[in-house]
Amino acid sequence: MAVEISPLVRPSRFRRRAGLLGECLAEFLGMFVLISFGCGVAAMAVAALPGSGRTAGATMSFVTVGDWVMPVLGWGLAVTFGIYVAGGVSGAHLNPAVTLAFAVRRRFPWLKVMPYVAAQLVGAFAGAALVYAVYHDAINALDHATRGPKTNGHTLATFSIFSTFPAPYFHGGFWGPVVDQIVGAAFMIMFVMAVIDLRNPTVRVFLGPLVIGFAVAAIGLSYGANAGYAINPARDLGPRVFAWAMGWGHLALPGTLPGSFSGYFWVPLVAPLVGGVIGVLVYDLLIGDVLHLRTQVAMPPEVGCTRPVTSAQNAVTAGSQPQ
C-alpha cells in the first residue's frame, strides 16, 4: 500500500532543493555511500580482518587472488548502492568522468558540471572520513606492525585503503598507469551508455545500478592491478585529500614514495576524464549511430530479438485467420 510521506523540511523553507541544489545533495550522498562502502571494504581487507585475529596473520587477510577479489566485489556493490540512493534525483553520475561524458555527448548542461563534480568530491571526502572514524584503530595497529618505509608513521598499505598508486613494475613511470586508467574509464563509460541507452535491448530500470556495479567489478578483475583501479577522479582525489590531512603527507599529495613513484596524484585525476570522453565517443560511433540510423529507416529488430505484442497486433492476427 502506498503511503504519503510528509517532507522533513517544509518546501517553503528550502524550495531550491527541487533544482540543482537537490541534485548536488543527491550526488553528495550517493558518493558518500560509494566511498563509505568501497574504502570500507578496502579497510576490511587491508587492516581490520588481519588485525582482528580472524585471519592467518596480523598483516595478511587472504592468500594471493583472494586479496583482490574481496575489494573488487565490494567496490562493485558500493557503486550499485550509491546509484540506487542517488539515481532518482541526479541520475547518479557519482564520477566526474561520467558527468563530463554526459556533457560532451548527452546534452547534460555544462553549467551543472562543476557543481556536480564539487558535490562528488565533498561526498568522497566525507565517506573517507567515516571509514577512518570506524577503522582508525585497525589502521594504526597495522601501521605499527608493518616494517618498511613510513610517512609520519603511516605506511603505503594503509594509504591503499583510501587512494591508489602504481604497481612497482612501472618503476615510477607515468605512461603505463595513464594508459591503464584511460582504458578502464573508457570501458566503464561504454558500459554505462549501453545500459542506459533505451534504443538498445534495455536492462530494466531497477536492475540498471546492479548491472553497472557488475561492470565496475569486471573492470577491476580485468584491469585493476596496474594502477589500483580508480577510474574515477572524485573516488581517488576526495579520499586522497583526506589522507593527506590525516598525516599521510607527501604519500597522498603529491603522491610520492621515494624510490617508487613521484607526483602521481594527477594520473587518476586526469586519465579517467580522457578515458570517459573516449568511451562515449567510441560507443556513439560504433553503436549509437547505428541504432540512430536503424530507427530512421524503421528497420525490424535482429532475428532472435523479441518485442511485446500489442492488443492491436493480436486483433489483426486474429482477423486474418480463416473462420
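A quick definition before the overview: helices here are DSSP runs of H or I with at least four residues, numbered from the N terminus. With that in hand, the model on the screen, which is a predicted one, has ten helices and zero strands. Read along the sequence, the pattern is α-α-α-α-α-α-α-α-α-α.

Some totals for the chain. There are 323 residues, and 43% of them are buried. Among contacts with a separation of 6 or more, 75% are between residues 24 or more positions apart. The chain exposes about 17,300 Å², and 69% of that comes from carbon and sulfur atoms.

Now the inside. The largest nonpolar core has 65 residues, and the members that touch the most others are Ile35, Ile139, Ile161, Phe162 and Trp248. Several helices give two or more residues to this core, including helix 1 (20-51), helix 2 (66-90), helix 4 (113-145) and helix 9 (267-296). Which helix gives the most? That is helix 4, with twelve residues.

Take Ile139 as a case. Setting aside neighbours within four places in sequence, Ile139 is in contact with Ala47, Tyr132, Thr158, Ile161, Phe162 and Trp248.

Next, helix 6, residues 175-196, which also gives residues to the core. Helix 6 has 22 residues, and at 1.5 Å a residue they should span 32 Å; the end C-alpha atoms are 32 Å apart, so the two values agree. The buried residues of helix 6 include Pro177, Asp180, Gln181, Gly184, Met188, Val192 and Val195. What do the buried residues of helix 6 pack against? They pack against helix 3, helix 7 and helix 9.

On to charges. Side chains of opposite charge can pair when their charged atoms come close. This structure holds five salt bridges, and I will go through three.

In one of them, Arg105 pairs with Asp284, with the closest N and O atoms 2.7 Å apart. Arg105 is in helix 3 and Asp284 in helix 9, so this pair ties together parts that are 179 residues apart in sequence. Are the two partners buried or exposed? Arg105 is partly exposed, at 39% relative accessible area, whereas Asp284 is buried, at 5%.

Another salt bridge joins Arg199 and Asp197, with 3.0 Å between the closest N and O atoms. Here Arg199 is partly exposed at 38% relative accessibility, and Asp197 is buried, with a relative accessible area of 8%.

Returning to Arg105, shared partners in salt bridges join Arg105, Arg106 and Asp284 into one network.

Last, the surface. A nonpolar patch there is formed by Trp266, Val270, Val274, Ile278, Val282, Leu285, Leu286 and Ile287, which together have about 650 Å² of accessible area. One of these, Leu285, is found in helix 9. Why does Leu285 count as exposed? Its relative accessibility is 58%, and exposed means over 50%.

How values were computed:
Residues numbered from 1 in each chain as written. Predicted model: local features only at pLDDT ≥ 70, side-chain atom pairs only at ≥ 80, totals over all residues. Heavy atoms only, no water. Core = buried A, V, L, I, M, F, W, Y, C linked by side-chain atoms within 4.5 Å. Buried < 20%, exposed > 50% of the residue type's maximum accessible area, 1.4 Å probe, protein only. Contact = heavy atoms within 4.5 Å. Expected span 1.5 Å × (residues − 1). Patch = residues over 30% accessible without salt bridge, like charges linked within 9 Å, V, L, I, M, F, W, Y side chains within 5 Å. Areas by Shrake-Rupley, 256 points an atom, 1.4 Å probe, with all protein chains shown as cover. Salt bridge = Lys/Arg side-chain N within 4 Å of Asp/Glu carboxyl O.
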